[in-house]
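Hi,

Here is the structure I promised to pass on to you.

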Amino acid sequence: MNEFPITAEVALRLGKAIARVLRSSGPNRNRVLLGKDTRISGYMLETAMTSGLVSMGMDVFMVGPMPTPGVAHLTKSMGAAAGIMLTASHNPYEDNGVKIFGPDGYKISDEIEDVIERHILGEEPEAAPVPPRQIGKAHRIDDARGRYIEFAKHTADNISLHGLKVVVDCGHGAAYFIAPLIFKELGAEVITAGIGPDGTNINDGCGALFPENAGELVRRFNADLGISFDGDADRVIFTDSNGQVVSGDRILALCAIAMKEQGRLKNDTLVCTTMSNLGLHESMRKHGIKVETTGVGDRNVIEAMRKGGYTFGGENSGHLIFSEHATTGDGILSALQVLRMMRDKNATLATLASIMQEYPSQMANIPVPSKPPLDSLPKLKKLMKQATKEFGTEGRHLIRYSGTEKKLRVLVEHRQIEEARLWLSKFAAAIRDEIGTGTGKTTGV
């Protein structure tokens, strides 16, 4: 924070670049929505980015702390040319970043991001300053929270939550005010945690990264379930009435099955990533639901859903996309949908989640000194081929490099935990033999 690239100077250039690339010829071509989470750097970046945008003739509508999906929704509903969210999601407060949405409420494409980046880096011609008469204005939208709150409640038909006791951990993030209010307005008794952001405590031992905290509160207060959000509230992790964390794959399964029963699961298809457990695939086959698998990342899930016209998908990390209502993962909306399913079936979350069983899994993050193509490693390649043959339908393995670190991530799933452990150790040994040992600590082995 306050060091490249998280600086006011970069934010200023980014504001100018976004204005140049996303300004359109429509009636609201100069309108952009700007939100942020609760990081202290948000004040600095918000001000600098606003300066860059208005200097290029954009009118900026600042909504303050707001969940990322709230920014996406308001961008579309207000007919803005773009929506910008200042957030680093689940990262610590020292980090910050930007999520950019187009006028349709979807994240902009990689290609458009590349153009914006070239402008920031000075690889595109500098834009001529707009005439003084065309300089934009900055506004605060006082009712932004209210607009999103009513939208979120409407997606669940304003279902009554009377009689439910819910723990809500907002991780001192963007949902700290909005989320508890929504559940209270619908009638639930709400026990709150992580609702005192100070600019430096976002995601700090709380929220979706530490759902066991909500689980402890569930047990202490005899609540019906726990709901934990990450810093920008685009994902959610649940705990059941026993205080046990419910895996993201179980949530995907129970939602897909309920939506199929309601006739809302388009083409009877669920979209998930390669990280989802084999148990999810097995459960879906039993219920006549097809599964389309994508690479890791909610963007990949959303692209597949848009291409196939599907209505539900997500990641086991807690991103859930209900495309009937939203253009991105929305933790609050997802929690309301799950609560609605509990009410419709008059069942506990634990009962609904028992619809699937995970295959035992083992995972390791192995530091490596370099990232040679996996196909260039004969010993590892042979082991992978052998494992695939021996596993059949009883297991699987997934080996990939981290996108941000010099680490090789190894995942092994098998019906028998001993087999998963054995193959994880075999893969790890081959990786060390052929790539070597990098700096840092190996986790999971």
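Let me start with helix 13, on one side of which Pro378, Lys382, Lys385 and Lys389 are exposed. Please keep in mind that this is a predicted model.

The buried residues of helix 13 are Leu380, Leu383, Met384, Ala387 and Phe391. Viewed down the axis of helix 13, these buried residues stay within an arc of 100°, so they line one face of the helix. The exposed residues named above lie on the other side. As for what covers the buried residues, the list includes strand 16 (395-401), strand 17 (407-414) and helix 14 (417-434).

On its geometry: helix 13 runs over residues 378-391, 14 residues in total, and spans 20 Å from its first C-alpha to its last, close to the 20 Å expected at 1.5 Å a residue. After helix 13 comes Gly392, with a positive phi near 60°.

The other spot I looked at is Arg39, in the loop that connects strand 1 (31-36) and helix 2 (41-55). Is Arg39 buried or exposed? Its relative accessibility is 1%, so Arg39 counts as buried. A polar atom of the Arg39 side chain sits 2.8 Å from the backbone oxygen of Ser89. Leaving aside residues up to four places away in sequence, Arg39 touches Thr87, Ala88, Ser89, His90, Asn91, Pro92, Tyr93, Asp95 and Asn96, along with Gly199, Ile202 and Asn203.

Best wishes

How values were computed. Residues numbered from 1 in each chain as written. Predicted model: local features only at pLDDT ≥ 70, side-chain atom pairs only at ≥ 80, totals over all residues. Heavy atoms only, no water. Helix = DSSP H or I, 4+ residues; strand = E, 2+ residues; numbered from the N terminus. Buried < 20%, exposed > 50% of the residue type's maximum accessible area, 1.4 Å probe, protein only. Polar contact = N/O pair within 3.5 Å; in protein donor to acceptor, adjacent residues only side chain to side chain. Contact = heavy atoms within 4.5 Å. Expected span 1.5 Å × (residues − 1). Arc of directions from axis to C-beta.
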